[in-house]
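Work through the exercises below with the sequence and the model open. Each task is followed by a solution in steps.

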Amino acid sequence: GVRIQTPPLFKPQSEPAPFRKKYLMVSNAINKMLYDQFLAKTLLFLPTSMARTVKGIHFAPQHWTPKKRKRQGRPIGDEANREDGIPINGKTTQGKEAIRAQLREEWGEIHHPTVDELVNMVLSLADEHGWENIVLWKLDLAGAFNLIRFHIDSVRQLAFALTEELTAIHITGMFGWTGTPYAFQVVTRVLSALVKQAISGKCRWYVDDGMGVSHNRD
């Protein structure tokens, strides 16, 4: 599984972080979404009193952010703003950039297709086959980040105390850790290579979204 690269001088914080105000405002919705993840076996629940006894456990604040077309928004594990100690995402601007450099060294640069590249992809097929003979298509992976798993030694660093005296511990990719997009970019590159071998036409990937164009017959 994916190993978390922690900053220099990082020390796990075994005491739960104070609840964020935004989390408390929508905690019922967040807890229900996390429960759905528990049912999907992408995270664990422990009583917070028990979680605090796990050797090397690290608590960060549970957070929330809006998400387009989803009224309930998205739960986020805030690995950037633990007030005491050094957050997993790094403490200062320089510290955060050092973590990103470490991630690039581990998994490579993240390259997203630009709008120009997507337009030129479509234009090249239109020039080859004619506009009336091509079709644009798209596909994506549902719950993409949940498709990657953390190494057993790193799971304990992804603890988030909740209301109801519960703690969520993530075992698959999550929103909030800087490294998740870098780790998933490896999956993106593999998908891109496999799809190129399987289709007639062209396709570019943006994280978990494949955007393609092909001849109608294909």
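**Exercise 1. Two loop residues**

Solution. Helices (H or I, at least four residues) and strands (E, at least two) are DSSP runs, numbered from the N terminus. Most residues other than glycine have a negative phi. Step 4: Glu-165 is in the loop between β5 and β6, has a positive phi of about 60 degrees, and is exposed because its relative accessible area is 58%.

The model is predicted: local features need pLDDT of at least 70, side-chain atom pairs count only at pLDDT 80 or more, and totals for chains, interfaces and linings use all residues. Residues are numbered from 1 along each chain as its sequence is written, and side-chain values use heavy atoms, with hydrogens and water left out.

**Exercise 2. A threonine in a strand**

Task: state which strand holds Thr-167, and which side chain Thr-167 joins by a polar contact.

Solution. Step 1: Thr-167 belongs to strand β6, residues 166-170. Step 2: Thr-167 counts as buried because its relative accessible area is 0%. Step 3: its side chain makes a polar contact of 2.9 Å with the side chain of Thr-48. A polar contact is a pair of N or O atoms within 3.5 Å; within protein, one must be able to donate a hydrogen and the other to accept it, and residues adjacent in sequence count only if both atoms are side-chain atoms. Step 4: leaving aside neighbours within four places in sequence, the contacts of Thr-167 (heavy atoms within 4.5 Å) include Leu-44, Phe-59 and Ala-161.

**Exercise 3. A serine in a helix**

Task: locate Ser-154 and find which residues it contacts beyond its neighbours within four places in sequence.

Solution. Step 1: Ser-154 is part of helix α6, residues 152-155. Step 2: with 5% relative accessibility, Ser-154 counts as buried. Step 3: beyond those neighbours, Ser-154 contacts Val-2, Arg-3 and Ile-4. Step 4: a polar atom of the Ser-154 side chain lies 3.0 Å from the backbone nitrogen of Ile-4. Step 5: Thr-6 is 148 residues from Ser-154 in sequence, yet their C-alpha atoms are 9.8 Å apart.

**Exercise 4. A hairpin**

Task: in which sense do strands β2 and β3 pair, and over how many bridges?

Solution. Step 1: β2 (residues 62-67) and β3 (residues 70-77) pair in the antiparallel sense over 5 bridges; strands pair if DSSP finds at least two bridges between them. Step 2: His-63 has Ile-76 in β3 as its bridge partner. Step 3: the two strands form a hairpin with 2 residues between them, and Arg-69 in the turn has a positive phi of about 70 degrees.

**Exercise 5. The whole chain**

Task: give the numbers of helices and strands and the share of buried residues.

Solution. Step 1: the protein has 7 helices and 8 strands. Step 2: 41% of its 218 residues count as buried. Step 3: among contacts between residues at least 6 apart in sequence, 72% join residues at least 24 apart. Step 4: the C-alpha trace spans about 65 × 35 × 25 Å along its principal axes.

Note on methods. Buried means under 20% relative accessible area, exposed over 50%, partly exposed in between (1.4 Å probe, protein chains only).
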